[in-house]
Amino acid sequence: MTAPVRDETPLLALDRVEVVYDGIVVALRGVSLVVPPRSIVALLGSNGAGKSTTLKAASGLLAAERGEVRAGTVAFRGSPIGARSPLALVREGLVQVLEGRHCFPHLTVEENLATGVFARKASRADLRESIERTYMRFPGLRDRRRSLAGLLSGGEQQMLAIGRALVGKPTLVLLDEPSMGLAPKIVETIFALLRDLHEEDGISFLLAEQNAAAALAVADFAYVLETGRVVIQGAASEVRARDDVRQLYLGVRTRESRAPRPPAPAEGESLPRC
Ligand SMILES: Nc1ncnc2c1ncn2[C@@H]1O[C@H](COP(=O)(O)OP(=O)(O)O)[C@@H](O)[C@H]1O
Ligand SMILES: [Mg+2]
């Protein structure tokens, strides 16, 4: 008798992807990465490294910004996304939460959540159940269900943006800089929620972040981008332990980074003038 084979087809696989904007600005220079089933993958890198471009290449949203995948392939659940529209991908379970926590400011929290169902045919009962499940995850949103989204705090708006994605019942959420501009305590709360959604509901995340410490604390795997290339990859625990990552992305002064102090001037010797 043969043992059952576990389906290890990655949820998302980018293979040597090159992206250009306006036919001229090269943003990705051969990015390869995988998001295995039931995983959280951190995509780290400083401003302009190509994190948002990578997410948009995966969700089919590049065309809206005159960007295109010039070479390489993007596959979702084993099949190249090719000509599939962003809407078709959302229907298949791939949802992106854009950078900057886009909400509809003049709609209430609950109306914003209801828009999350746009890609699937949902009955009223189904929508109600999806929204209730989101409120269970984000009780603060239930308390503010009748408030206009534009009046929420930054943290609440980020939760609303994630909550709206959840209403679409995703398998994989591409989450762009959820920590941006938020206080450390709020970031901690949001990242703990991501972990719960992952562990209890089986949702996977590709998490683009400049806040490497927060992302590495919840991620299983990590990739570091620099000017459109993957320069470091591995298990999150290994990436977190690397001296170069600690020094450049976690702000830790490692032994190598401590420049030798200049020798103290001998007695009577004058200090160099500035
Ligand atoms: N819509 C766009 N048009 C032209 N260039 C863009 C556009 N979006 C991003 N870029 C460029 O692509 C590169 C990667 O940007 P981005 O993916 O936004 O990086 P990150 O999200 O890591 O900050 C940058 O050089 C940026 O200026
Ligand atoms: Mg970005």
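Student: Which element gives the largest share of the shell around ligand 1?

Tutor: This is a predicted model. There are 13 residues around ligand 1, and Y21, A27, K51, S52 and T53 come nearest. The elements that each contribute two or more residues to this shell are β2 (25–35) and α1 (51–59). The largest share, three residues, comes from α1.

Student: By class, how many residues of the shell around ligand 1 are polar?

Tutor: The shell has four nonpolar and three charged residues. The polar residues in it number six.

Student: Why do the buried residues of α7 line one face of the helix, and within what arc do they fall?

Tutor: Residues three or four places apart in an α-helix point the same way, because there are 3.6 residues a turn. In α7 the buried residues are V187, I190, F191 and L194. Viewed down the helix axis, they line one face because they fall within an arc of 95 degrees.

Student: Which elements do the buried residues of α7 pack against?

Tutor: The face turned away from the buried side carries the exposed residues K185, A192, D196, E199 and E200. The buried residues of α7 pack against β3 (40–44), α6 (154–167), β8 (204–209) and α8 (212–218).

Student: Which residue with a positive phi follows α7?

Tutor: The phi of this residue is near 70 degrees. The residue that follows α7 is G202.

Definitions and conventions. Residues numbered from 1 in each chain as written. Chains lettered and ligands numbered in written order. Predicted model: local features only at pLDDT ≥ 70, side-chain atom pairs only at ≥ 80, totals over all residues. Near = placed C-beta within 6 Å. Helix = DSSP H or I, 4+ residues; strand = E, 2+ residues; numbered from the N terminus. Nonpolar A, V, L, I, M, F, W, Y, C, P; charged D, E, K, R; others polar. Buried ≥ 20, exposed ≤ 12 C-beta atoms within 10 Å, placed from the backbone. Arc of directions from axis to C-beta. Contact = placed C-beta atoms within 7 Å.
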